[in-house]
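User: Hey, I've got this protein open and I'm a bit lost. Can you walk me through it?
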Amino acid sequence: MPRKPDPTLKPAIVCKVTDHLHATRLEDVSVRSLGRVLGTSAYPIVYHFGSRDGLIDAVVEHLNRHVHAVRLDPDADETGLAEYLQAVFGRLGERDRFLAARLTFELGSVECLTEHDRHRRLHRAHIETLAAWCRAHGADDRSARRVARAAVLACRGAQWGAVLDGDVAHTDVVLRGVAQRIASEVSVAVH
């Protein structure tokens, strides 16, 4: 009779691999190397996650767990919008948030070459969230989508810039500026 899987093992693997990825390039990570980090064979990784990519996705999910809970009230004011953008795209001075941004870019940049669409779906969801805010503040659908798409790209650009040059403090300033620009463009589109 097979043993029952230990329910604490999967989260422990995710935490240990998360710690490892802070100082390791994603391209240097394999199932075998992760097994060495964990002090085991590759079997637990394959058993619990299916593959290296499944484990890396679990790490990204773990790092972004609080971001997925953040909601933007479409009726929020500009301050609420800025707080939302900072909660979702900013706070990169936190070690795990920085790693989440780095992995999101590493994984998202090659996703178009695979059958995966996790990051594209998330990107579209961000656009729709901001478009809903724009519509709630009077923008027509076309303007709302245009403004939202540009805003998400600006937010991602701020993240990517922080990953490249390490200026994580500037990111939240840029995100507040994006919120101001969204509010301004929606105001212009309405009038």
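User: How many helices and strands are there in the protein?
Analyst: There are ten helices and zero strands. Both are DSSP runs numbered from the N terminus: a helix is H or I over at least four residues, and a strand is E over at least two. Written as a pattern along the sequence, that gives α-α-α-α-α-α-α-α-α-α.

User: Where does this model come from, and how do I count residues?
Analyst: It is a predicted model, where local features need pLDDT of at least 70 and side-chain atom pairs count only at pLDDT 80 or more, while totals for chains, interfaces and linings use all residues. Residues are numbered from 1 along each chain as its sequence is written, and side-chain values use heavy atoms, with hydrogens and water left out.

User: What about contacts between residues at least 6 apart in sequence?
Analyst: Among those, 68% join residues at least 24 apart. Contact here means heavy atoms within 4.5 Å.

User: Which residues does Ile182 touch?
Analyst: Leaving out residues up to four places away in sequence, Ile182 touches Leu81, Leu85, Leu130, Trp133, Cys134, Val147 and Ala151.

User: Switching topic: how much space lies in the largest pocket?
Analyst: About 290 Å³. It has 15 lining residues, and the closest to its centre are Arg52, Asp53, Glu106, Leu107 and Val110. On a 1 Å grid over the protein atoms alone, a pocket is an open set of points with protein on both sides within 12 Å along at least five of seven lines, a cavity is a set where a 1.4 Å probe fits but cannot get out, and lining residues have an atom within 4 Å of a point. Points are joined across faces, edges and corners, and a volume is the space filled by probe spheres set on them.

User: Which helix gives the most to the pocket lining?
Analyst: Helix 4, with four residues. Helix 4 (52–63), helix 7 (95–110) and helix 8 (118–136) each supply at least two. By class, the pocket lining has four nonpolar, three polar and eight charged residues. Asp, Glu, Lys and Arg count as charged; Ala, Val, Leu, Ile, Met, Phe, Trp, Tyr, Cys and Pro as nonpolar; and the others, Gly among them, as polar.

User: How many cavities of 30 Å³ or more are there?
Analyst: The search of the whole structure finds one. The largest cavity has a volume of about 110 Å³. It is lined by 13 residues, and Asn64, Val67, Val88, Thr104 and Arg156 lie nearest its centre. Helix 7 gives the most to this lining, with four residues.

User: Is Arg156 buried or exposed?
Analyst: Arg156 counts as buried because its relative accessibility is 14%. This arginine is found in helix 9. Not counting residues up to four places away in sequence, Arg156 touches Phe89, Thr104, Phe105, Leu122 and His126.

User: Last one: how many aromatic pairs are there?
Analyst: Two, by the rule used here. One of them is Phe105 with Trp160, a tilted pair at 5.0 Å centre to centre and 40° between the planes. Phe105 lies in helix 7 and Trp160 in helix 9, so the pair ties together parts 55 residues apart in sequence. Rings of Phe, Tyr and Trp (its six-membered ring) pair if their centres lie within 6.5 Å; planes under 30 degrees apart count as stacked, over 60 as edge-to-face and the rest as tilted.

Definitions and conventions: Buried < 20%, exposed > 50% of the residue type's maximum accessible area, 1.4 Å probe, protein only.
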